[in-house]
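Open the model in your viewer and keep the sequence panel beside it. The stops below say what to select next and what is there.

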Amino acid sequence: MATEIVRDLKEINEELKETNKAMTTAGKNAASFQRSFKMDPSNAKAHTLAVESLAKQIEYAGKRVDLLREKQAKLVQAN
């Protein structure tokens, strides 16, 4: 039983790391696109890309919350 919980927590931790990296990348991309948009406000493509990056960031944040809740539940279940 303990081995299963540890393995599950390891998998959750790995997924959290991947999600955090993806969030960071999406945030950097959004900032870059926003800077491009500030330089040329008529650049609709930069604006669209910035909005898409922000949407990805929101999606990753939601996934992160779900993973953290799952991790918390596993820890409570283990105790």
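**Stop 1: a pair within one helix**

Select Lys17 and Glu14: being 3 residues apart in helix H1, the two are separated by about one helical turn. Helices here are DSSP runs of H or I with at least four residues, strands are runs of E with at least two, and both are numbered from the N terminus. Lys17 forms a salt bridge with Glu14, and their closest N and O atoms are 3.8 Å apart. The term salt bridge stands for a side-chain nitrogen of Lys or Arg within 4 Å of a carboxyl oxygen of Asp or Glu. Glu14 has a relative accessible area of 42%, so it is partly exposed. Buried means under 20% relative accessible area, exposed means over 50%, and partly exposed is in between, with a 1.4 Å probe and protein chains only.

Before going on, note that this is a predicted model: local features need pLDDT of at least 70, side-chain atom pairs count only at pLDDT 80 or more, and totals for chains, interfaces and linings use all residues. Residues are numbered from 1 along each chain as its sequence is written, and side-chain values use heavy atoms, with hydrogens and water left out.

**Stop 2**

Next, select Glu15 and Lys63. Glu15 forms a salt bridge with Lys63, with 3.6 Å between the closest N and O atoms. Glu15 lies in helix H1 and Lys63 in helix H2, so this pair ties together parts that are 48 residues apart in sequence. Glu15 is partly exposed at 32% relative accessibility, and Lys63 is partly exposed with a relative accessible area of 37%. How many salt bridges does a search of the whole structure find? The search finds 2.

**Stop 3: two buried residues**

Select Thr19, which is found in helix H1, residues 2-39. Is Thr19 buried or exposed? At 3% relative accessibility, Thr19 counts as buried. Show its surroundings: leaving aside neighbours within four places in sequence, Thr19 is in contact with Tyr60, Lys63, Arg64 and Leu67. Contact means heavy atoms within 4.5 Å.

Now move to Ser53 in helix H2, residues 44-78. Ser53 counts as buried at 8% relative accessibility. Which residues is Ser53 in contact with, leaving aside its neighbours within four places in sequence? They are Ala26, Asn29, Ala30 and Phe33.

**Stop 4**

Start from Asp8, which lies in helix H1 and is partly exposed with a relative accessible area of 24%. Draw a line from the C-alpha of Asp8 to that of Lys71: the two residues are 63 residues apart in sequence and 8.4 Å apart in space.

Then take Asn29, also in helix H1. Asn29 is partly exposed, with a relative accessible area of 35%. From Asn29 to Ala78 the C-alpha to C-alpha distance is 39 Å, and the two are 49 residues apart in sequence.

Asn43 has a relative accessible area of 27% and is partly exposed. The C-alpha atoms of Asn43 and Phe33 are separated by 9.9 Å, with the two residues 10 residues apart along the chain.

**Stop 5: the whole chain**

Zoom out and select everything. The protein chain has 2 helices and 0 strands. Its radius of gyration is 18 Å, well over the 12 Å that the globule rule gives for 79 residues, so the chain is more spread out than a compact globule. The radius is taken over C-alpha atoms, and the rule is 2.2 Å times the number of residues to the power 0.38. Along its principal axes the C-alpha trace spans about 60 × 15 × 10 Å.

Colour the chain by burial: buried residues make up 15% of the 79 residues. Of the contacts in the protein chain with a separation of 6 or more, 74% are accounted for by residues 24 or more positions apart.
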